[in-house]
Amino acid sequence: MLPVIVLIGRTNVGKSTLFNVLSKTRNALVANYPGLTKDRNYGSFYLEKNKKIIIIDTSGINSDSKKSDQESHEQTLIAIEECNVILFIVSARDGVMPEEYEIAKKIRKYQKKTIVVINKIDGIKEDSKINEFYSLGFKDNVKISASHNQGINNLIIKYLTPWIKKNFTINDLKEKTKKYTDQEKLSIKIACIGKPNVGKSTLINKIIMKKRLITSEIPGTTLDSIHVPIQYNKKNYIFIDTAGLSRKSNNKIIEKFSTIKTLQTIEKSNVILLVIDAINKICKQDLLLANFIEESGKPLIIVFNKWDLLNFSEKKDLKNSIKNKLKCCFFSKIHFISALLNEGIFEIFKSINEIYKLSTRKINTSFLMKTMHTAIKKHQPPIINGRRIKLKYAHLGSSNPVKIIIHGNQVKDLSLSYKKYLKNFFNKELKTNGTSIKIEFKESTNPYILKK
């Protein structure tokens with residue numbers, strides 16, 4: 001294992017902001033709203049070149065008796081057990097709060113290296129307010145402002161680096177960093193998306209065979225995008241649980257952040273699982289998500305969960321509804337499962353491997369040219385201003401998503417219907433079962449026109 005650092009503290013003290021600063025990402029949701037982080041969220045950063053550190057963002061430790069908060073608390077305790085170093089985040093603006101003495105008491109039981117990180121020091125002039133954090137009983141106290149990137153280098157150089165170098169050899173760190181990075185690169189990233197409460201978190205928990213993600217009948221339990229690595233049949237995967245996307249939300253801030261995060265996750269993933277509640281059938285929101293995935297060009301697997309709760313007649317009606325409503329997803333693989341009862345789950349891996357392989361294959365330019373000419377022969381491009389649009393050259397632009405670039409004259413005038421015809425034709429000829437291709441058109445430049 002690489003060195004692991006965990007961020008803990010009350011809600012809204014800046015744990016997620018520090019997580020984003022250290023990992024140099026925007027993977028953790030940040031807003032002036034408590035309780036955005038529920039599950040433990042993993043990231044990484046480099047202490048020095050070739051020396052990688054794992055960092056875990058956790059929910060705030062509160063005394064709230066809500067079931068979801070109790071489960072978040074359990075997630076935090078698991079993260080503390082996994083870690084080598086605890087960064088106990090506190091707020092200089094609030095001063096020492098009574099619950100922080102309780103948190104300090106819990107931390108001491110684990111006998112882990114602990115650094116009190118006094119965040120939000122910007123604008124705080126009274127040293128007495130900052131010095132009172134020594135009453136928590138920890139030797140190492142460091143002042144920072146995560147949102148203003150102040151004191152971060154001091155935290156790393158003066159506190160983290162000496163301790164890690166003392167407890168991990170340089171060669172061991174380099175070797176583990178390489179192994180971890182190689183595994184990450186080889187992993188297939190699978191995003192689970194869908195409306196709230198369709199069973200995305202339950203599905204991932206069943207796949208990894210332990211309760212890694214908080215589940216609840218209350219919609220909106222998952223607010224952030226959580227990465228969960230797994231090895232299955234000697235292959236590496238990273239499942240990404242996302243917030244449920246709904247058209248109506250009680251909190252517009254959470255809705256906005258969660259939607260952006262989910263759409264970003266689709267763009268960064270290799271394969272998308274669109275999870276639909278079989279009981280509630282296919283709704284407009286499911287169709288909008290399916291269309292967005294198709295536009296992104298990412299391989300799509302549609303998963304109907306809670307299949308066990310339908311009778312024979314209802315199952316038949318749903319399959320007929322799929323044929324009518326999901327015509328745009330003719331290329332998708334479909335699975336009927338029960339995440340709760342662990343039925344049909346592991347068959348999904350076969351589809352994941354198949355469509356990932358299809359979406360990352362190298363496609364010969366000569367084959368693309370032949371396909372393009374066959375498509376033109378069967379249905380020629382339209383005539384614009386007395387001249388027929390000419391498609392001259394086709395080649396592969398990228399894989400996952402599969403992007404084909406077609407060069408020609410007047411391609412900007414191609415109608416949407418002809419573009420769709422070409423897309424469908426290439427999909428059929430390339431046998432892209434499970435993934436939709438993207439086609440980009442580029443205007444050919446005339447080599448005989450001199451540039452000014």
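A residue is taken as buried when its relative accessible area is under 20%, as exposed when that area is over 50%, and as partly exposed in between. By this cut-off D140, at 14% relative accessibility, counts as buried in the predicted model described here. The side chain of D140 meets that of K113 in a salt bridge, with 2.3 Å from N to O. This pair links distant parts of the chain, D140 lying in strand β6 (residues 140–143) and K113 in strand β5, 27 residues apart. K113, at 23% relative accessibility, counts as partly exposed.

D277 counts as buried because its relative accessibility is 7%, whereas K306, at 22%, counts as partly exposed.

The structure holds 10 salt bridges. Another of them joins D122 to R93, the closest N and O atoms being 2.8 Å apart. D122 lies in the loop between β5 (113–119) and α4 (127–131), and R93 in the loop between β4 (85–91) and α3 (98–108), so the pair ties together parts that are 29 residues apart in sequence. R93 counts as partly exposed, at 42% relative accessibility.

Leaving aside neighbours within four places in sequence, L160 is in contact with I5, F45, L47, V85, L87, I115 and L155. In soluble globular proteins, nonpolar side chains tend to be buried together.

The strands β8 (residues 226–232) and β9 (residues 235–241) pair in the antiparallel sense over seven bridges. Within this pairing, I230 has Y237 of β9 as its bridge partner. Two residues separate β8 from β9 in the hairpin that they form, and N233 in the turn has a positive phi of about 50°.

Finally, the cysteines deserve a word. The structure holds zero disulfides. C83 is buried, with a relative accessible area of 3%, while C283 is partly exposed, with a relative accessible area of 21%.

How values were computed: Residues are numbered from 1 along each chain as its sequence is written. This is a predicted model: local features need pLDDT of at least 70, side-chain atom pairs count only at pLDDT 80 or more; totals for chains, interfaces and linings use all residues. Side-chain values use heavy atoms; hydrogens and water are left out. Contact means heavy atoms within 4.5 Å. Two strands pair if DSSP finds at least two bridges between them. Helices (H or I, at least four residues) and strands (E, at least two) are DSSP runs, numbered from the N terminus. A disulfide is a pair of cysteine sulfur atoms within 2.5 Å. Buried means under 20% relative accessible area, exposed over 50%, partly exposed in between (1.4 Å probe, protein chains only). A salt bridge is a side-chain nitrogen of Lys or Arg within 4 Å of a carboxyl oxygen of Asp or Glu.
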